[in-house]
Structure formats: structure tokens, C-alpha cells
Amino acid sequence: MQHRTLGHSGTIVSSYALGTMTFGAEATEEASHAMLDAYFAAGGNFIDTADVYSSGVSEEIIGRWLAKRPGLRDEAVIATKGRFPMGTAPNDVGTSRRRLSRALDDSLRRLGVEQIDLYQLHAWDPITPLEESLRFLDDAVGRGKIAYYGFSNFLGWQLTKAVHTARAHGWNPPVSLQPQYSLLVRDIEFEIVPAALDAGIGLLPWSPLGGGWLSGKYKRDQRPAGATRLGENPERGMEAWKARNENPNTWRVIEAVEDIAGAHGVSQSQVALAWLADRPAVTSVILGARTSEQLADNLAAADLQLSADEIRRLTQTSRPHTGVYPYGPMAQEQRSRKMEGGR
């Protein structure tokens, strides 16, 4: 397991994080604790959760695990998030000072810790002034309730605005951003990745296997069934079956992943994860396993070294399609220049 700094901070995290959205929903508490044990035994140290995961149960499961293993609290880097609804009232959602103050205290209580290492706004809030949210986060750092803060699902301009607003006020700056990112979802490379690189922000990709598509579990034109996420709900979220199955590029990417996995004698998941962990600005890839077996397979990606030709094939095959402007080749040339100058 490699280790990297969390964005521009001095805190060290493993290159693969353990995502816990399945805890209390698709994984029992016993299975969740087994995954946590296996993850730390493999050299990982970065746990990612959110208050909304299983309506707080995910945080509670982690809190009970930490309570049984007090020696690991200093080793573990714990990240959680707040923003989405935890009730039905108007102020049970959002990133206002009132909402975040209660959400943070609730997360601290459920996790059973005195400080959260990374507290993240789960998404942009179009109602709350950004200054209000950032001032709350800066105050929370000052009070020792959180060590660092970051965001999830922000666009490039939103991330840049937040970074420069914090700098203008002399507040602690953000250190991370959680975007969806995989071989099947690469549009963040147009604006979000450059914004992160410019600000020294570490990316923490979620859904690195494209909701399971890159693992090879789904077959072309065969509607999924059985105990898989799409088998249980083919219209589930952004990875819904119909749209991806009808996109020829989906299967070109999966074919390339399958070929490279066969050449190495590893799973397709490991190939997709190894490619992503090596992308610019990526700090830690969030693994979202249902079982210890899935987690063990995913963690083995840390030992996989792809060749330059394999990385090139994956990158070219999965390249997102663009229009002529502003992301087409000629438009990109307008924003570049040669060191030696000239036409």
C-alpha cells in the first residue's frame, strides 16, 4: 500500500481508502467490522463515511469498531461528510452554520471521537452563502473539532471560488475534493482536475469501478439479475443499465480492461483501480466493497504495475468525447504554447 499526503496538508493517507456507504445497508455490522480489520491489516489507514450513509448507522458502526480497538484511533484517518437531508424539516439539509454545527456534533457523537480528521461538504449548496459555510469550517478547525476540510461533488468553478474565498479571508483552505471518477466517467478532467492541481487539492475518487461495470460482472445486452446492485435495481443511480449498455464506448473500455487483466492474470477491478490511482491529483481511491472478498480483491490493485503501453491504451480508449469547443483539440491548442515560441 502506497501512502501520500492528503492534498497540500502534512497528513499521510493510504492510496486506497475504505468507503463505508455499504455499512448498515448492504453489509451487516459484523461484515463491516471484518472489512475494517482486513483493510488495516493490509496497510490502509483512511476511512471515508458520511452522516447520510444508512441514516447515521455507518458512522455508528465505525464508532463501535474504534471503541473496541482504541489503539487504532491514532493510526486511523477518519473522514465524514454533511449536507444531505437527515430529517424532513427545512433546516435538516444544507451547509448553513446552523445545519453544519448540529451535523458535525452528531457525527462526532456517532463516531465516538473528539476530532474528525477530514470533514467534507457533501455537495454544493445553492442557498447558503459560501462564506457562511467556509467560516464555519474555519471555526471548526480552530476549535479542534476537525483537522481539515474538503468538498464532494463540487464543479471546477465552485472549487476554485471556495479556495480563493478562503484565501481572501485568511481562513484555513480546503485540502480535498471527492468527485466521481473512473475509466467510464472522465469528464472531470476538463475543469475539475486542472482546478485541483492549481490549488494543490487532493482528489478522492468515488465509484472507481463505475458502479461495478468495470469489474466485468455485467455482459453486453444481458439485463443484470441476481445479487448485484443493478440486478436488484437496473435503474440505480448514475450507473443505470440502459444508458450504459447502449453506449458503445462502455464496451470498448471494458474490453480493454479485460484484455489487460488477462495478460496480468488479475481481476478487471484491479486494472481499473490501478489506472485511476495513478492519475494526476489523485490522493486516495475510495473502495466501496460489500464483502471482505471484494475488498481483498480491490486492495490487491496496490501491487499491480501497469506498463506505459497499457496505461496509454486505457487512457486513449476511455477518452471522453468532446465537441469542437471549448474542449476539442484545436481549442486546447489555443490554450497551449511551445517553450521556444513560433508558429
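Arg 110 and Glu 59 are both buried (buried is under 20% relative accessible area, exposed over 50%, and partly exposed in between, with a 1.4 Å probe and protein chains only). The structure is a predicted model, in which local features need pLDDT of at least 70 and side-chain atom pairs count only at pLDDT 80 or more, while totals for chains, interfaces and linings use all residues. Residues are numbered from 1 along each chain as its sequence is written, and side-chain values use heavy atoms, with hydrogens and water left out.

The side chains of Arg 110 and Glu 59 form a salt bridge with an N to O distance of 2.6 Å. This pair connects distant parts of the chain, with Arg 110 in helix α3 (residues 97-111) and Glu 59 in helix α2 (residues 57-68), 51 residues apart. Helices (H or I, at least four residues) and strands (E, at least two) are DSSP runs, numbered from the N terminus. A salt bridge is counted when a side-chain nitrogen of Lys or Arg is within 4 Å of a carboxyl oxygen of Asp or Glu, and the structure holds 16 of them.

Helix α3 also contains both Asp 106 and Arg 109, three residues apart, or about one turn of the helix. These two residues form a salt bridge in which the closest N and O atoms are 3.5 Å apart. Asp 106 is partly exposed, at 32% relative accessibility, and Arg 109 is exposed, at 55%. In a further salt bridge, the side chains of Lys 242 and Glu 246 meet at 3.0 Å, N to O. Lys 242 is partly exposed, with a relative accessible area of 48%, whereas Glu 246 counts as exposed at 52%. Arg 97, Arg 135 and Asp 139 are joined in a network of salt bridges.

Grid points are joined across faces, edges and corners, and a volume is the space filled by probe spheres set on the points.

The largest pocket holds about 850 Å³ of space. Its lining has 39 residues, of which Met 21, Ser 207, Gly 211, Arg 229 and Gly 288 are the closest to the centre. At least two lining residues come from each of α10 (268-277), β10 (285-287) and α11 (292-299), and α11 gives the most, with three. The lining comprises twelve nonpolar, 19 polar and eight charged residues (Ala, Val, Leu, Ile, Met, Phe, Trp, Tyr, Cys and Pro count as nonpolar, Asp, Glu, Lys and Arg as charged, and the others, Gly among them, as polar). Helix α10 is itself largely enclosed by the rest of the structure, because ten of its ten residues are buried; among them are Trp 275 and Leu 276.

The second largest pocket has a volume of about 340 Å³. Its lining includes Arg 186, Glu 189, Arg 319, His 321 and Tyr 327. Helix α6 (residues 188-199) contributes the most to this lining, with three residues. By class, three nonpolar, three polar and five charged residues line the second largest pocket.

One cavity of 30 Å³ or more was found. The largest cavity has a volume of about 50 Å³, and Leu 121, Trp 124, Asp 125 and Phe 154 are among the residues that line it. Five nonpolar residues, three polar and one charged make up the lining of the largest cavity.

Most residues other than glycine have a negative phi, and most peptide bonds are trans. A cis peptide bond joins Tyr 325 and Pro 326, with omega about 10°. Tyr 325 lies in the loop between α12 (308-317) and α13 (329-334) and is exposed, at 64% relative accessibility. Ser 55, which is not a glycine, has a positive phi of about 55°; Ser 55 lies in the loop between β4 (46-48) and α2 and is exposed, with a relative accessible area of 61%. Asn 153 has a positive phi near 65° and is located in the loop between β7 (146-152) and α5 (156-169).

Definitions and conventions. On a 1 Å grid over the protein atoms alone, a cavity is a set of points where a 1.4 Å probe fits but cannot get out, and a pocket is an open set with protein on both sides within 12 Å along at least five of seven lines; lining residues have an atom within 4 Å of a point.
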